[in-house]
Amino acid sequence: NLTYSEILQQPEILQLLVNRHVDFETGKVTIPGLSECCERIRQTKRLLLIGSGSSYNAVLASRTLLEDFMPQIIQFEFSCEYNERDCRVTSNDTCIFVSQSGETADTLLALGRCRERGGFCISITNTRGSSITRNSDFSMFTDVGVERGVASTKTFTGSLIAIILLAIAINDNDSEERREIIDGLHHLQTTLD
């Protein structure tokens with residue numbers, strides 16, 4: 001059963017994702033290329049997270065952590081609903097688009113609308129070279145491998161972990177909460193096994 005095997009792959013794959021970005025001795029989270037745009041992201045007033053399907057569910061799963069941890073206003077949007085409303089994005093917004101394939105049509109449309117209005121656009125995806133990454137100002141990759149089963153498993157959890165890592169990298173102020181999150185990520189595989 002493909003879905004079952006992909007569920008079982010999650011502890012190892014997610015720990016590899018975390019270990020690529022976290023130095024557990026210093027507690028520093030490094031995402032290649034982010035340092036060049038980190039200051040702009042920190043100065044924005046709102047973080048807008050947009051996704052569809054299981055990617056939207058990953059966005060929603062990050063809600064409590066982001067609202068407690070980030071200083072910006074946090075807004076969560078389902079891409080097809082968002083495209084039916086007035087965008088109201090400005091250069092004071094960082095827009096984060098989550099898409100497993102990087103080709104989700106509704107999410108890609110939302111990205112185009114946000115770019116037109118001056119939003120700083122970040123993509124989180126499992127697929128390098130996708131349309132969403134090509135149209136973003138910055139991209140982060142989950143690299144969890146191909147998901148062959150119908151149910152989204154490792155791509156969902158990979159997106160959720162990537163959102164958390166991105167938040168920690170952006171908000172790098174030392175705090176007890178930040179240390180607790182890093183410690184939890186250090187033992188992620190053991191916790192999931």
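Biologist: At roughly what angle do the axes of helix H8 and helix H9 cross, and within what distance do they come?

Modeller: This is a predicted model, and the values are computed from it. The axes of H8 (residues 154–170) and H9 (residues 176–186) cross at roughly 140° and come within 11 Å. The crossing is left-handed.

Biologist: Which residues make the contact of H8 with H9?

Modeller: H8 contributes Ile 161, Ile 164, Leu 165 and Ile 168, while H9 contributes Arg 178, Ile 181, Ile 182 and Leu 185. By class, seven of the contact residues are nonpolar, none is polar and one is charged.

Biologist: Now the sheet. In what order do the five strands lie, and is the pairing parallel or antiparallel?

Modeller: In general, strands of a sheet pair through backbone hydrogen bonds, in either a parallel or an antiparallel way. Here the sheet is open, the order is S4-S3-S5-S6-S7, and the pairing is parallel. Strand S4 (73–78) and strand S7 (138–141) are the edge strands, each pairing on one side only. On average, neighbouring strands are turned by 20° against each other, direction ignored.

Biologist: How many bridges join S6 to S7?

Modeller: Four bridges join S7 to strand S6 (residues 120–125), and the two run parallel.

Biologist: Which strands do helices H3 and H6 touch?

Modeller: Helix H3 (residues 54–61) packs on the sheet and touches S3 (46–51), S4 and S5 (93–99), its direction making about 155° with that of S4. Helix H6 (residues 105–116) also packs on the sheet, touching S3, S5 and S6, and its direction makes about 165° with that of S5.

Definitions and conventions:
Residues are numbered from 1 along each chain as its sequence is written. This is a predicted model: local features need pLDDT of at least 70, side-chain atom pairs count only at pLDDT 80 or more; totals for chains, interfaces and linings use all residues. Side-chain values use heavy atoms; hydrogens and water are left out. Two strands pair if DSSP finds at least two bridges between them. Axes are lines fitted to C-alpha atoms, for helices over the stretch in contact, and angles run from 0 to 180 degrees between N-to-C directions. Contact means heavy atoms within 4.5 Å. A crossing is left-handed if the near helix is turned anticlockwise from the far one by less than a right angle, and right-handed if clockwise. Ala, Val, Leu, Ile, Met, Phe, Trp, Tyr, Cys and Pro count as nonpolar, Asp, Glu, Lys and Arg as charged, and the others, Gly among them, as polar.
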